[in-house]
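The following exercises are to be worked with the sequence and the three-dimensional structure at hand. Each task is followed by a solution in steps.

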Amino acid sequence: MAQIDDLPPLRDVISRFGLDARKSLGQNFLLDLNLTARIARASGELEGATVVEVGPGPGGLTRALLAGGARRVVAIERDERCLAALAEIAAHYPGRLEVISGDALAVDMAVLAGGPARIVANLPYNVATPLLVGWLRAEPWPPWWTSATLMFQREVAERIVAAAGDDAYGRLGVLAGWRSEARILFEVGPKAFVPPPKVTSAIVHLVPRPAPLAADPDRLEKVVAAAFNQRRKMLRSSLKSVFADPEAALAAAGIEPTRRAEEVDVAGFAALARIGRPEA
């Protein structure tokens, strides 16, 4: 087991503060400091960086980020039981760790970051997707975050990096492909966690595209949702809830009306989102 600092082993921290992982909070704690250090390194050169972390729990990844040289880590934690453990880390790295007690879905991370920052997190499973969608829909664009290195269930990770024609391609693949370059870095088995989840996880790295294809985020999501909600149907049928004349919209976007959602790439959906004004 790696010894990245002089703080106690994570198992001792969890025992001392009674930090049993709670399913209701989507918690699965990473106790292997070799692995947390690997995730921290995967985010890029940390020296002098500002990092936003969501769901630090007992602080294994937090410690790896700070030991790796991050100038400042803003850690957002909803579980008040973890605050005392995180306070010990803050004391060990004076002036470099800011702990925010609250719901990550309700805080303004751009304001907390105070400038360009990376996001690095073992995301709680129950809020991982809405958080990612929020980051991908950030305005103005390019966003406040310069990269995001995030842990998801492998199935979700595959949907994020999927492209047209892939079985996993859908809403997440379109949104992530539209505004970022996303790739899976490596997988993490269940045994790395306490308690071990029933699924394999994966680390995804996303970098914002500086100039994504023009499209209104709300309009794009509406078109994509309609297309994939009836993914077995041809687009001329599935888009009837969005466009008064789907065939005309598809023709204007240069898309065959007999195509299905999984056959249309990100550029095609962006083109559809720019055509006319979808009905409410």
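Rings of Phe, Tyr and Trp (its six-membered ring) pair if their centres lie within 6.5 Å; planes under 30 degrees apart count as stacked, over 60 as edge-to-face and the rest as tilted. The model is predicted, with local features requiring pLDDT of at least 70 and side-chain atom pairs pLDDT 80 or more, while totals for chains, interfaces and linings use all residues. Residues are numbered from 1 along each chain as its sequence is written, and side-chain values use heavy atoms, with hydrogens and water left out.

**Exercise 1. Aromatic pairs**

Task: Determine how many aromatic pairs the structure holds, and state which residues ring pairs link into a cluster.

Solution.
Step 1. The structure holds three aromatic pairs. One of them joins Trp141 and Trp145, with 5.9 Å from centre to centre and 85 degrees between the planes, an edge-to-face arrangement.
Step 2. Burial is judged by relative accessible area: buried means under 20%, exposed over 50%, and partly exposed in between (1.4 Å probe, protein chains only). Trp141 is buried at 15%, and Trp145 is buried at 2%.
Step 3. The ring centres of Tyr169 and Phe228 are 5.6 Å apart and their planes stand at 85 degrees, so this pair is edge-to-face. It links distant parts of the chain, since Tyr169 lies in the loop between α7 and α8 and Phe228 in helix α9, 59 residues apart. (Helices, H or I of at least four residues, and strands, E of at least two, are DSSP runs numbered from the N terminus.)
Step 4. Tyr169 counts as buried at 1% relative accessibility, and Phe228 counts as buried at 11%.
Step 5. Ring pairs link Tyr169, Phe228 and Phe269 into a cluster.

**Exercise 2. The sheet and its helices**

Task: Give the strand order of the open sheet and identify its edge strands.

Solution.
Step 1. Two strands pair if DSSP finds at least two bridges between them. The seven strands of the open sheet follow the order β4-β3-β2-β5-β6-β9-β7, and their pairing is mixed.
Step 2. The edge strands, each pairing on one side only, are β4 (97–101) and β7 (180–188).
Step 3. Neighbouring strands of this sheet are turned by 20 degrees against each other on average, direction ignored. Axes are lines fitted to C-alpha atoms, for helices over the stretch in contact, and angles run from 0 to 180 degrees between N-to-C directions.
Step 4. Helix α4 (residues 83–92) packs on the sheet and touches β3 (72–77) and β4, its direction making about 165 degrees with that of β4. Contact means heavy atoms within 4.5 Å. Helix α8 (residues 171–179) lies across β7 and β9 and runs at about 120 degrees to β7.

**Exercise 3. Strand β5**

Task: Which strands pair with β5 in the parallel sense, and how many of its residues are buried?

Solution.
Step 1. Strand β5 (residues 117–122) pairs in the parallel sense with strand β6 (residues 145–153) over six bridges. In β6, Leu150 is the bridge partner of Ala121, and Ser147 is that of Arg118.
Step 2. Strand β2 (residues 50–54) runs parallel to β5 and is joined to it by two bridges. Here Val52 stands opposite Ile119.
Step 3. Six of the six residues of β5 are buried. Both faces are covered, with Ala117, Ile119 and Ala121 on one side and Arg118, Val120 and Asn122 on the other.
Step 4. Asn122 counts as buried at 14% relative accessibility. Residues up to four places away in sequence aside, Asn122 touches Asn28, Leu30, Val54, Gly55, Leu61, Met151 and Phe193.

**Exercise 4. Helix α7 and Pro212**

Task: Name the buried residues of α7, then decide whether Pro212 counts as buried or partly exposed.

Solution.
Step 1. In helix α7 (residues 154–161) the buried residues are Val156, Ala157 and Ile160. Seen down the axis of α7, they fall within an arc of 100 degrees, so they line one face of the helix; the arc is that of the directions from the helix axis to the C-beta atoms.
Step 2. These buried residues pack against α6 (128–136), β6, α8, β7 and β9.
Step 3. Pro212 is found in the loop between β9 (201–208) and α9 (217–229). Pro212 counts as partly exposed, at 21% relative accessibility.
Step 4. Beyond its neighbours within four places in sequence, Pro212 is in contact with Trp141, Trp178 and Arg179.
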